Structures are given as C-alpha cells and as structure tokens.
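Dear colleague,

Please find the structure below.

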Amino acid sequence: MNVNGKAAIVTGGASGLGAATAAALAARYGTVYALDLPASIEAAPQVDGVTYLAADVTDPQQVRDAVATAAGGPEPLRVVVNCAGIGPSARILGKKGVHDLDLYAKVVSINLIGSFNVLALAADEIARTTPDANGQRGVIINTASVAALEGQIGQAAYASSKGGIVGLTLPAARDLAQHGIRVMTIAPGILLTPMLMTVSEEFRDSLASGIPFPQRLGDPTEYARLALSIIDNDYLNGEVIRLDGALRMAPR
C-alpha cells in the first residue's frame, strides 16, 4: 500500500519499538502521531515528522481524542502500529503468595485491551476515508511476543495478554476486510529495548547465546523495518510474523 503523504499512529511511540517505528514511518512516509504517557513523552527524542500526543491506551476518551487529532489533519489516517505495553514478571504461586490479581488485570488491560481500544477507534476513522484504486484504506499492526506461544516461568500475565493479541489477529482482519483495512501482528523475540539496557552486559550476552542465528539480540529498527514491509505488501493480512532469529523460549 502506498501511504506516502498519509498519517500514521504509533502507540508507545516515545521509546523502544514504538520510537524506532515512529521514526522509520516519518522518514519514509510523512506524518506520524506517537501516543504515549506524559512522563514518557517528556523524555522522548524530537524527530522530524513525529508529533507526540499524551494518551493512555486503556482510556477510550483519551484514545478517541488522539485518533481524532491524527485523522483531522490534511493527510488521511492510513496506518496504526500498536507498540504500547508492559511486561512485569510474577509466578502464579510465588514466595510472596498468589499472583496479584490487580497486576494480572493491569497487564491484560494495557497490552490486550489497550491494543483493541486503539485498533477499534482508529479503524472507525480509517473506514471513513476514501479507498485507493484497489479498495484499500489502511493497515493496523499489533505487537504480540514469542511469549504468546512459549511463555516462560513468571510470564503468566504477559503471555496471556500477548496470546490474546495473537487470537485477535484473524477475526479482526476478517471483521475489517469489508472496510479495506488489513490487520497484522508482529511477535518479537528478545529485542534490545530500554528495559534490557538496564541489565548487565553479561546477562544480555547470556540471552543472546540462546538465539540460533543471528546469535545476538534484535534491534528495534528491525521491528520497524518489518512494519514497513507489512505496510508495503498488500497481500499480508490476518497473520502473525515471528521476529526472533529462530528462538524458541525455554521454561526459564
């Protein structure tokens, strides 16, 4: 799909996968609206073509307002990439007792419900745009994880939320097909996000050693390049693509 001169939304766009994707989209296509929490936006880099909008993805009104801003400019909204998410770790039965239910609900709320909230409200705006010559109006890319399929010890909440993203992919693509909107999901393995930069180099090396090839951690720009490829390839729809160097997660 040719989205040159069109608008895009990237959630979690102030850092990590979202920041890399927002920068790549702005460099190639044009106007990008990066949604994130106010504290994250304060520390975000200034990038030509990227406008930061404060929004909590779990808040329907905040997302509705942000989507309206993105769709209200001179360029029609065509692309959405959902990168916002959290990944705390806790065992179902741990040293401190039973897994905290509020924590479980928070992870699912941000990672799964937040992604659905943005997908649905953005799709409503994209569906109002004029289709191209092939009947296309846009593409929405969600972010799952290899943990959706191979969740490790302590990842019950995270794996549940990302498994929901995987399960959402095909029905969302089928629901939105009549509106000319494609839905895809990227399932990253171990990428070098800001969270991983806080751990020791020795620990990062140990993680990389478990990846068959290339035996290194992935880079957020590789996620961004895959997102661009999905946007460009009109026949990709309703599918989950792993980005993991052939990694298959062990129990721990």
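**Helix packing and the sheet**

Helix H3 passes helix H4 in a right-handed crossing, meaning that the near helix is turned clockwise from the far one by less than a right angle. Helices (H or I, at least four residues) and strands (E, at least two) are DSSP runs, numbered from the N terminus. The model is predicted, with local features needing pLDDT of at least 70 and side-chain atom pairs pLDDT 80 or more, while totals for chains, interfaces and linings use all residues. Residues are numbered from 1 along each chain as its sequence is written, and side-chain values use heavy atoms, leaving out hydrogens and water.

H3 covers residues 60–71 and H4 residues 101–126; their axes lie 10 Å apart at an angle of about 35°. Axes are lines fitted to C-alpha atoms, for helices over the stretch in contact, and angles run from 0 to 180 degrees between N-to-C directions. In the contact (heavy atoms within 4.5 Å), the H3 residues include Val-63 and Val-67, and those of H4 include Val-118 and Leu-121. The residues of this contact comprise eight nonpolar, one polar and two charged, where Ala, Val, Leu, Ile, Met, Phe, Trp, Tyr, Cys and Pro count as nonpolar, Asp, Glu, Lys and Arg as charged, and the others, Gly among them, as polar.

Seven strands form an open sheet with parallel pairing, in the order E3-E2-E1-E4-E7-E8-E9; strands pair if DSSP finds at least two bridges between them. Strands E3 (50–54) and E9 (240–243) are the edges. The twist from one strand to the next averages 20°.
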